[in-house]
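Biologist: I would like to learn how to read strand pairing and chain contacts. Could we go through a case together?

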Amino acid sequence: MRFMMLMIPHGYETAAPGTMPEDVERMSSMMAYNESLQKAGVLIGCDGLHPPSMGARVSFPGRKPKVVDGPFAEAKEVLGGYWMIEVASRAEAIEWATRCPGSENEVIEVRQVQELEDFSPDLQAVAEHFPSMQTVRK
Amino acid sequence: MRFMILVKANKDSEAGVMPSTEVLTAMGKFNEELVKAGVLLAGEGLHPSSKGARVRCEGAKRTVIDGPFAETKELLAGFWLLQVKSKEEAIEWIKRSPFQEGEIEIRQVFEATDFGDAMTPELLAQEDRLRAGTEKRTGAGS
């Protein structure tokens, strides 16, 4: 089963453009954690995201795309990064999340990834190329 | 530059309602365009938050909260990871997506070179080992 661990750092919603992690010690502990995921053979991928103030949102009022540049004043929670892992159970995914060297302001959301076989047969038929686009083990 | 395209959850996705064949067909076509243009690195959908959990970090303490997260207005339902030349190009792609409603967030992904001094040579070497391992697993970068 694949799970995404979504890192939600409170306060990141108002971070200025160009804000980067600066604490070497914290970076080291996070990298050690990443390596422990990799050594256990569960890590599929991980990434960090630049602040929302450097991003954009596209909505579709009246089916027409409308672009709004960040930051997003109404956002209370934003994504700071993610890990994609492959584990045997939801409990194992949660166990890994609890081992993360997170800070006081951080929450990790653990969410299962949809596999093709989770879809009904007629939906699987039109989504047959989906696996080639997914972050699966090849 | 890599960009993560975040698709927000709505009432249907949170209720576990799967998309219609029509929507999936349109989305499949869009995905194929992304593949043909060589910009798609990955795309995934997530099960509803009712099947998920949250882990809150407070010092050494870890609190596990089971989903759903009803109080949260902005839950993730899925994402694409795109390799493009600019934010504008990423936005252009999303404008062409078959979405009829909702809001899609576009966020640039950190590359190791973005970190500057915080990324010591030792950490950079560790990062390289990590990338080499995950690329082997996902087939990305090949």
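Biologist: How many bridges pair β1(B) with β6(B), and in which sense?

Modeller: Two strands pair if DSSP finds at least two bridges between them; strands are DSSP runs of E, at least two residues long, and helices are runs of H or I, at least four, each numbered from the N terminus. Here β1(B) and β6 of chain B (residues 103-108) pair in the antiparallel sense over 5 bridges. Ile5(B) has Ile106(B) as its bridge partner in β6(B). This is a predicted model, where local features need pLDDT of at least 70 and side-chain atom pairs pLDDT 80 or more, while totals for chains, interfaces and linings use all residues. Residues are numbered from 1 along each chain as its sequence is written, and chains are lettered from A and ligands numbered from 1 in the order written.

Biologist: Which strand does β1(B) join through 7 bridges?

Modeller: That is β5 of chain B (residues 76-83), which runs antiparallel to β1(B). Phe3(B) stands opposite Leu82(B) there.

Biologist: Which strand of chain A pairs with β6(B)?

Modeller: β3(A) does, antiparallel, over 4 bridges. Ala56(A) stands opposite Ile106(B).

Biologist: How many residues of chain A are in contact with chain B?

Modeller: Contact means C-beta atoms, placed from the backbone, within 7 Å. By that rule, 61 residues of chain A are in contact with 62 residues of chain B. The side of chain A that touches chain B has at least two residues from each of several elements, including α1 (24-39) and β3 (56-59).

Technical notes
Two residues are in contact if their C-beta atoms, placed from the backbone, lie within 7 Å.
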